[in-house]
Amino acid sequence: MREVGRVVVMAAVLLGMPLSSFSAPQEAKAAASPAKDAVEGRQYSGTYTFLKEGEYLQITVEEGGQLTGFISRFDDRGNPSDKSGFVDQFIKTGKLHDVQLNFTTKPLHDLWFEFKGTVERGAGKDRGDEGYYVLKGTLTENTTAPDKKVTSHAQEVTFKMFPQEADSAPKN
């Protein structure tokens with residue numbers, strides 16, 4: 001391996017080229033890839049819009065692309081004796097692979113959500129802008145009736161990332 005390194009250095013000197021123009025051996029590139037992949041996707045962690053004004057989706061991309069988080073949404077389907085209000089519906093399973101994102105929530109009041117889609121760059125120009133990243137895909141709302149029959153309703157959605165507080169804070 002040292003001999004190969006010497007040959008590369010000599011070739012660079014003879015050709016008048018910088019060493020950086022010679023690529024690293026394939027095994028070195030492959031070894032660097034998993035560390036990069038572990039960090040990839042964490043920039044997508046944050047808070048996104050949900051279906052109605054005031055509702056939101058909070059996701060965190062963990063090591064290995066595992067997804068955690070919750071949906072904070074208005075619930076008017078709860079027990080009739082309960083007052084309607086906001087509920088947090090937690091993600092049961094979720095995964096980010098490259099830009100493919102999917103998750104399923106835990107059921108709450110016989111309702112759960114499934115999302116299958118992608119993470120994309122949105123219209124926001126800076127990381128501190130709303131919609132810098134967007135989640136685009138299909139959201140399926142599943143409900144279980146008293147007779148245990150499941151009804152599903154799918155719709156195409158785009159959820160915009162909320163502005164990042166740390167990035168949008170004024171600089172002194």
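Visitor: To start, how many salt bridges does a search of the whole structure find?

Guide: The search finds 2 salt bridges, where a salt bridge is a side-chain nitrogen of Lys or Arg within 4 Å of a carboxyl oxygen of Asp or Glu. Before we go on, please keep in mind that this is a predicted model, in which local features need pLDDT of at least 70 and side-chain atom pairs count only at pLDDT 80 or more, while totals for chains, interfaces and linings use all residues. Residues are numbered from 1 along each chain as its sequence is written, and side-chain values use heavy atoms, with hydrogens and water left out.

Visitor: OK, which side chain meets Arg 73 in a salt bridge?

Guide: That is Asp 75, with 3.8 Å from N to O. Arg 73 has a relative accessible area of 5% and is therefore buried, and Asp 75, also listed at 5%, is buried as well. Here buried means under 20% relative accessible area, exposed means over 50%, and partly exposed is in between, using a 1.4 Å probe and protein chains only.

Visitor: And which side chain does Lys 136 meet in a salt bridge?

Guide: Lys 136 meets Glu 120, again at 3.8 Å from N to O. Lys 136 lies in strand β7 and Glu 120 in strand β6, so this pair ties together parts that are 16 residues apart in sequence. Lys 136 counts as partly exposed at 37% relative accessibility, and Glu 120 counts as partly exposed at 31%.

Visitor: Why can charged side chains pair like that?

Guide: Side chains of opposite charge can pair when their charged atoms come close.

Visitor: You mentioned strands. How many helices and strands does the protein chain have?

Guide: The protein chain has 3 helices and 8 strands, where helices (H or I, at least four residues) and strands (E, at least two) are DSSP runs numbered from the N terminus. Read from the N terminus on, the order is α-α-β-β-β-β-β-β-β-β-α.

Visitor: Which residues have the most contacts inside the largest nonpolar core?

Guide: They are Tyr 48, Leu 57, Leu 101, Leu 135 and Phe 159, in a core of 23 residues. A nonpolar core is a set of buried Ala, Val, Leu, Ile, Met, Phe, Trp, Tyr and Cys residues joined through side-chain atoms within 4.5 Å. Several strands each supply at least two residues of this core, including β2 (56–61), β3 (67–75) and β8 (150–160), and β6 gives the most, with 4 residues.

Visitor: What does Leu 57 touch?

Guide: Not counting residues up to four places away in sequence, Leu 57 touches residues that include Thr 47, Tyr 48, Phe 70, Leu 135 and Phe 159, and a contact here means heavy atoms within 4.5 Å.

Visitor: Is Thr 47 buried or exposed?

Guide: Thr 47 is buried, with a relative accessible area of 19%, and this residue lies in strand β1 (residues 46–49). Leaving aside neighbours within four places in sequence, the contacts of Thr 47 include Tyr 56, Lys 160 and Phe 162.

Visitor: Switching topic, how many aromatic pairs are there?

Guide: The count comes to 9 aromatic pairs. Rings of Phe, Tyr and Trp (its six-membered ring) pair if their centres lie within 6.5 Å, and planes under 30 degrees apart count as stacked, over 60 as edge-to-face and the rest as tilted. Phe 70 and Phe 90 form a tilted pair, with 5.7 Å centre to centre and 50° between the planes. Phe 70 is in strand β3 and Phe 90 in strand β4, so the pair ties together parts that are 20 residues apart in sequence. Phe 70 counts as buried at 19% relative accessibility, whereas Phe 90 is partly exposed at 44%. The rings of Phe 74 and Phe 86 have centres 6.0 Å apart and planes at 75°, so that pair is edge-to-face.

Visitor: Which residues do ring pairs link into a cluster?

Guide: Ring pairs link Phe 50, Phe 103, Phe 113, Phe 115 and Phe 159 into a cluster.

Visitor: Last one: where is His 109?

Guide: His 109 sits in the loop between β5 and β6, and its phi is near 50°, a positive value in a residue other than glycine. Asp 110 is in the loop between β5 and β6, and Asp 110 has a positive phi of about 65° although it is not a glycine.
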